[in-house]
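Here's a quick briefing on charged pairs and a surface patch. Have a look at the model first.

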Amino acid sequence: MTATTTAARRSGSVRNLANGWARLGLGLLLPALILLAWQLSTAAGLFSPVQLPAPRAVLEAGTELIARNELFGHVAISTQRVLIGFVAGAALGVSLGALVGLSKAAEVLLGPTIGALRAVPSLAWVPLLILWMKIGEDSKVTLIVIGAFFPVFTTVSLALRHVDKNLVEAARAFGLKGIKLLTTVQLPAVVPAIFSGLRLALAQAWLFLVAAELIASSMGLGFLLTDSQNNGRTDRLLLAIVLLAVLGKATDALLGLAEKWAVRKWS
């Protein structure tokens, strides 16, 4: 490796780091402006404390829940439900999406039914899940599985239908077929589409979490939302919303890192 190449790589790394910090700064600009507008509007008395508590009141609500050893429990159980439901729903979505995307018979047999079920609102599943699974953890996680399944199924099935046929035929000429063909050629060819579906599914999982925690829940951020509403604690309600936003973005960022690694590996 020449000195010129080494210097060029270091320069590129520094430039990428600088670009990363610049993107982070620009990404934080709007939240900072929203926080400033929130503080100014509450300080000016444009809203009552019941309508919109000051940022400090929301922070104090969080501190109070931490002191009572409650906040981290709510965060942990919600995160656990989302991750379990997301992983199960994504795995099912990839499996059935691959089946429907690669098989005309499966598309004709399963496509219309899955498409119809996709249109059912999340809250419509709640009474049925309570009837079938009672009010335990299974019903909550199953609802999140349903939410995570459809984005992955849709993106994978559509992407696999449009894989370059010449690429598939070339792989078959080398003796690849079945599962080996799928995992070696077809799925790697649609990695960006798969991760688009996964990121949509993760967002859906957090959305379905609130509906899931309406099922006679006593813990979780969805429970904290509804309990705060019932008790007139707008400060805790806003705290739950902020935490859901932060956790949703954090998990999406982690999935984004996984996407970059996968694209580098298989592109």
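Is Asp-235 buried or exposed? Asp-235 is buried, at 13% relative accessible area (buried is under 20%, exposed over 50%, partly exposed in between, with a 1.4 Å probe and protein chains only). Bear in mind that this is a predicted model, where local features need pLDDT of at least 70, side-chain atom pairs count only at pLDDT 80 or more, and totals for chains, interfaces and linings use all residues. Residues are numbered from 1 along each chain as its sequence is written, and side-chain values use heavy atoms, leaving out hydrogens and water.

**Around Arg-233**
- Asp-235 pairs with Arg-233 in a salt bridge at 2.9 Å, N to O (a side-chain nitrogen of Lys or Arg within 4 Å of a carboxyl oxygen of Asp or Glu).
- Shared partners join Glu-64, Arg-68, Glu-70, Arg-233, Asp-235 and Arg-236 into one salt-bridge network.
- Arg-233 also meets Glu-64, at 3.6 Å, N to O.
- Glu-64 sits in helix 2 (residues 55–67) and Arg-233 in the loop between helix 10 (221–230) and helix 11 (234–266), so this pair ties together parts 169 residues apart in sequence (helices are DSSP runs of H or I, at least four residues, numbered from the N terminus).

**Another salt bridge**
- Arg-81 and Glu-137 form a salt bridge, with the closest N and O atoms 2.6 Å apart.
- That pair links helix 3 (residues 71–102) to helix 6 (residues 137–161), 56 residues apart.
- Arg-81 is buried at 5% relative accessibility, while Glu-137 is partly exposed at 31%.

**Helix 1**
- Leu-40 lies in helix 1 (residues 3–43) and is exposed, at 52% relative accessibility.

Key: Helices (H or I, at least four residues) and strands (E, at least two) are DSSP runs, numbered from the N terminus.
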